[in-house]
Amino acid sequence: MNGQSTQDREDTVKHSALRKISLALVALVVAAAASAALAKPASHTDSAAVQKKVKVGLLLPCAINDHTWCQAAYSAAVRLQKEGAIDLKYTSNAPFDTAAVSQLMAQYAQRGYQLVIGHSAWQDAAFSAAGRFPKTAFAYAGGGKVANNVATYEEPIYQVAYLAGILAGGITKTGVVGGLAGQDIPLCHAELQAFIRGAKTVRSNVRGLSAYIGDWSDVAKAKEAALAQADSKADVFIACGDGPSQGMIQALKERKLSGFGYVGNQNSLAPKNMVGSLVYKLYPLFKLMVQDTAQGKFIPAKDYDVGLKSFQLVLNSKYSQAKVPAKVMAQMKSAQKRIATGELKVPYIAK
Amino acid sequence: MDWSAIFGVSLFAAGLRLAMPTALAAVGECFCERAGVLNLGLEGMMLAGAFASFVGADYADSAAVGVAAGIGAGVALGAVMAFLSVYLKTEQVINGIAVVIFAQGLTAFAYEKLYGQSGASPQITPLSNVRIPGLASIPWLGPVLFEQNVLFYVALALTLGVWVLLYRTRFGLSVRAVGEAPAAADAAAVHVDRVRWLALLVCGGMAGLGGAVLVVGQLSLFNVGITAGRGWVAIALVIFGRWNPLLVLGGALLFGLTDALQLRIQASSGGINASVPYELFQALPYLVTLAVMVAATVRSRRNAQPSALGVPFTKGVSQ
């Protein structure tokens, strides 16, 4: 290769075309290798899989250590794997677009995975892959359409946001609460609305602010949005999305304000500032789907919903609980019970 | 609506914070485009810089090491880009996109491998703000300009330095000549490829520093995709700034300020039930930048783009 390139330099015109082609190829290989790394950064299979284990393929749109959305799903799946219920293979940092996701889902189905879970609002991708593999069980997150072999699992974050709102109503000194979301999608809208509604049950004149970042991973912009709301007097915050929650937490630390973590337990990220976290417990949902798949009951598919069993308000013991009046805490606990029994229905305001 | 909450001192401070990472990358891009190389790998260089600065600051427990690592990662990708675009003379658009995809894949992969299973949250010690005595007490201007963290001043000095380098030094003249008429520059004994190599290393270093400003200077954490398209915005800002580093810096500041402004308007405008769609506010920075660019282009009429932009130079071959 070295000798050749010396020759090239002497006879540039003749060889440059050849060199260009070979190097464009090198560039392509680099790009291909990189995208392969992007699509499948890590894969683990248990080689000694017992026959009865359900083969589960899990697609995650982010990193397994993001402290929120993907970590919640990954740890639930790992728990099932440790219990010996499933044989897990996952793809993290999967692309967002429908075509690529449906292709990844189809690949899992083709390799004999019985249950393919796409942990995002990947309804279209799941339907597209499910049409080609009618015997494989597919599931996607967040609720929506359900068909023969396509299930969805609910994310009742708005119910917990309502509980967080009650606490926020008791904590706020200014009477202004803040909310950040990546985009104004129904899930986030309902979460922010329920948060404000909860706060109003304690303090009827609470004003709710909201900002949409326009991006789910732009932590810096989310932080600035939270600071802007803090300048408008907001002192208790909630977030919807990975980047928005990380940015919110940075702003809370800087301004010494309070807030709630999103989907994962983010209390440790700012022990002094986090009142608690709205934690998505995917274990019961995944377990139901795995059991149904094992017993051949997945088809016809369902909308899996276990209510507050899948979403919990995990309080931060290091946060000064003195800031939450006992009466308000009791009110939250009572609301929690009434939501669990179905006595209290938190309205789902999607728009 | 509370207008005083929108147009306060904090608006300008926030605008500068939002602008600085993008400004650094944009001025770097401006430099290498003046040398005739289109570097579309900018987003990848920023991302690599952001990641390397995080790892450096975390492992060495020092912000300075982090910043150095960020610059180093940017320079390394600049070298990859130069190897492909200047030495091998392959298609620059493809090289750039390959660099971005490579950096995105590599950072996501390495972040998960390095910090994957640790229960503890990786966070680095943030850089504290420097309060310049005397100047910081100037009302209004003080809190905006003289209470930023040290990287802000470095970034500002660098962007001004690039202007001086381009327009007030012999090397800068070579850079501009190489971008406009490489054959003529070559005839005047300027080593075209060497200048382009250097320009790409500078550009990579500045983009890497831009990423480091984001991570070490502002957030003290890393997240996959943390640069969120700032590199692409920076490339657009070079066109906006008509390949003049000062105008490019101005464009970045305008973009950052409008972005800070729209976040503040969102915060003050009736919250979640606002009657004006939030998408309108989000589009504001892009609309303003586009409007200024159209106005500037119409007014000046002359094409400011370096003539040899994107064209590899081969000695002895007529272009």
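Between domain 1 of chain A and domain 2 of chain A, the salt bridge count is 0. The model is a predicted one, and the values here are computed from it. Domain 1 of chain A is assigned residues 51–153 + 284–307, while domain 2 of chain A takes 157–280 + 320–341. The contact draws on 10 residues from domain 1 of chain A and 11 residues from domain 2 of chain A. As for spacing, the C-alpha centres of these two domains sit 29 Å apart.

What, then, makes up the area buried between domain 1 of chain A and domain 2 of chain A? The total comes to about 820 Å², and carbon and sulfur atoms give 62% of it. On the domain 1 side of chain A, a trio stands out: His67(A), Thr68(A) and Trp69(A) supply 58% of the area that this domain buries against domain 2 of chain A, more than any other three residues.

Salt bridges do turn up elsewhere, with 10 of them over all chains. Asp259(B) belongs to helix H12 (residues 245–268) of chain B, and Lys221(A) to helix H8 (residues 219–231) of chain A. Are these two partners buried or exposed? Asp259(B) has a relative accessibility of 7%, so it counts as buried. Lys221(A) comes out at 10%, so it counts as buried too.

Another salt bridge is found within chain A, where the side chains of Arg255(A) and Asp231(A) meet at 2.9 Å, N to O. Because Arg255(A) lies in helix H9 (residues 242–255) of chain A and Asp231(A) in helix H8 of chain A, the pair ties together parts that are 24 residues apart in sequence. Both ends have some accessible area: Arg255(A) counts as partly exposed at 32% relative accessibility, and Asp231(A) counts as partly exposed at 22%.

Chain A also has a salt bridge between Lys302(A) and Asp292(A), with the closest N and O atoms 3.2 Å apart. This pair links distant parts of the chain, 10 residues apart: Lys302(A) is in the loop between helix H10 (283–294) and strand S12 (303–304) of chain A, and Asp292(A) is in helix H10 of chain A. Lys302(A) is partly exposed, with a relative accessible area of 36%, whereas Asp292(A) is buried, at 10%. Back at the Arg255(A) pair, salt bridges with shared partners join Asp231(A), Arg255(A) and Arg264(B) into one network.

Two further spots on chain B round out the picture. Ser85(B) is part of helix H4 (residues 63–87) of chain B. With a relative accessible area of 3%, Ser85(B) is buried. Which residues is Ser85(B) in contact with, leaving aside its neighbours within four places in sequence? They are Val37(B), Thr90(B), Gln92(B), Asn95(B) and Pro312(B).

The other spot is on the surface, where Val130(B), Val150(B), Val154(B) and Leu158(B) form a nonpolar patch. Together these four side chains' residues have about 250 Å² of accessible area. Val130(B) is placed in the loop between helix H5 (92–115) and helix H6 (141–145) of chain B. With 33% relative accessibility, Val130(B) counts as partly exposed, and membership of such a patch requires over 30% relative accessible area.

Terms used:
Residues numbered from 1 in each chain as written. Chains lettered and ligands numbered in written order. Predicted model: local features only at pLDDT ≥ 70, side-chain atom pairs only at ≥ 80, totals over all residues. Heavy atoms only, no water. Patch = residues over 30% accessible without salt bridge, like charges linked within 9 Å, V, L, I, M, F, W, Y side chains within 5 Å. Areas by Shrake-Rupley, 256 points an atom, 1.4 Å probe, with all protein chains shown as cover. Helix = DSSP H or I, 4+ residues; strand = E, 2+ residues; numbered from the N terminus. Buried < 20%, exposed > 50% of the residue type's maximum accessible area, 1.4 Å probe, protein only. Domains from an automatic or database assignment. Contact = heavy atoms within 4.5 Å. Buried area = accessible area lost by both parts, 1.4 Å probe.
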